[in-house]
Amino acid sequence: MSQDGAAGSGTVDRKERLRRSSAFLISMALASQLAGWLYRTVGAARLMAAGSLFMMFALSMVAISNSLLTYFAAWLLVGAGGAAILTTSAHTVLVTVLGRSARSWIAGLMLISGLSSSLGYPMTAALESWVGWRDTYLFYALLHGVLCFP
């Protein structure tokens, strides 16, 4: 795979983006069953911490993939990690810690997560144009290990 795209194509085409998104969403849906069980057995806070480490690994795998097979396998891992760290886990932690008073916090979290793409997409695009997509994924992997895990 080239710096710019998959399998040396130079760009990531529309079909490839759709396949990547599908792999991510399907694996996240399948992993959600396990995540639900883990919420109950180890707790959502621990699951989110472990999920951040897992996501650090998965995003690193996307960045270093050198074939379509490893690229899509890495996206399957990203999807599985997403089941452990995205908003469902955060809501579960809030309810566990705050009980009934978690409602307003969850509403605030939903507002922030809804607006986060307004900043996240342009920042990611700028970072990718500056360092390339592979280093952008490595940067986000590092953030998972340094900011999200602790």
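In this predicted model, pLDDT stays under 50 over residues 6–10. The model has 13 contacts for this stretch beyond four places in sequence. Where pLDDT is low, the predicted coordinates should not be read in detail. Across the protein chain, pLDDT averages 83. A score of at least 70 is reached by 89% of the residues. Confidence is highest in helix α2, at a mean of 92. It is lowest in helix α4 (residues 87–98), where the mean is 80.

Helix packing was examined next. Two packed helices are described by the angle between their axes and the distance between the axes. Helix α2 spans residues 44–64, and helix α3 spans residues 68–85. Their axes come within 8 Å and cross at roughly 165°. Angles over 145 degrees count as roughly antiparallel, and α2 and α3 are therefore roughly antiparallel to each other. Their crossing is left-handed. On the α2 side, the contact is made by Leu 47, Met 48, Gly 51, Ser 52, Phe 54, Met 55, Phe 57, Ala 58, Leu 59, Met 61 and Val 62. Helix α3 contributes Tyr 71, Ala 74, Trp 75, Leu 77, Val 78, Ala 80, Gly 81, Gly 82, Ala 84 and Ile 85. By class, this contact of α2 with α3 has 17 nonpolar residues and four polar ones. No charged residues take part.

Helix α2 also packs against α4. The angle here is about 145°, and the axes lie 8 Å apart. This crossing of α2 and α4 is left-handed. Ala 44, Ala 45, Leu 47 and Met 48 of α2 meet Ser 89, Ala 90, Thr 92 and Val 93 of α4. Six of the residues in the contact of α2 with α4 are nonpolar, two are polar and none is charged.

Helix α5 covers residues 102–131 and has a kink of about 35°. The kink is centred on Ser 116. Just after α5, Gly 132 takes a positive phi of about 95°. Helix α6 (residues 133–148) packs against α5 at an angle of about 125°, with the two axes 7 Å apart. α5 and α6 are therefore oblique to each other. α5 passes α6 in a right-handed crossing. From α5, the contact draws on Gly 120, Thr 124, Leu 127, Glu 128 and Val 131. From α6, it draws on Trp 133, Asp 135, Thr 136, Phe 139 and Tyr 140. The residues of the contact of α5 with α6 divide into five nonpolar, three polar and two charged.

Note on methods: Residues numbered from 1 in each chain as written. Predicted model: local features only at pLDDT ≥ 70, side-chain atom pairs only at ≥ 80, totals over all residues. Heavy atoms only, no water. Axes fitted to C-alpha atoms, helices over the stretch in contact; angles between N-to-C directions. Helix = DSSP H or I, 4+ residues; strand = E, 2+ residues; numbered from the N terminus. Parallel < 35°, antiparallel > 145°, perpendicular 65-115°, else oblique. Left-handed = near helix turned anticlockwise from the far one by under 90°. Contact = heavy atoms within 4.5 Å. Nonpolar A, V, L, I, M, F, W, Y, C, P; charged D, E, K, R; others polar. Bend = angle between axes of the 7 residues up to and from the residue. pLDDT = per-residue confidence, 0-100.
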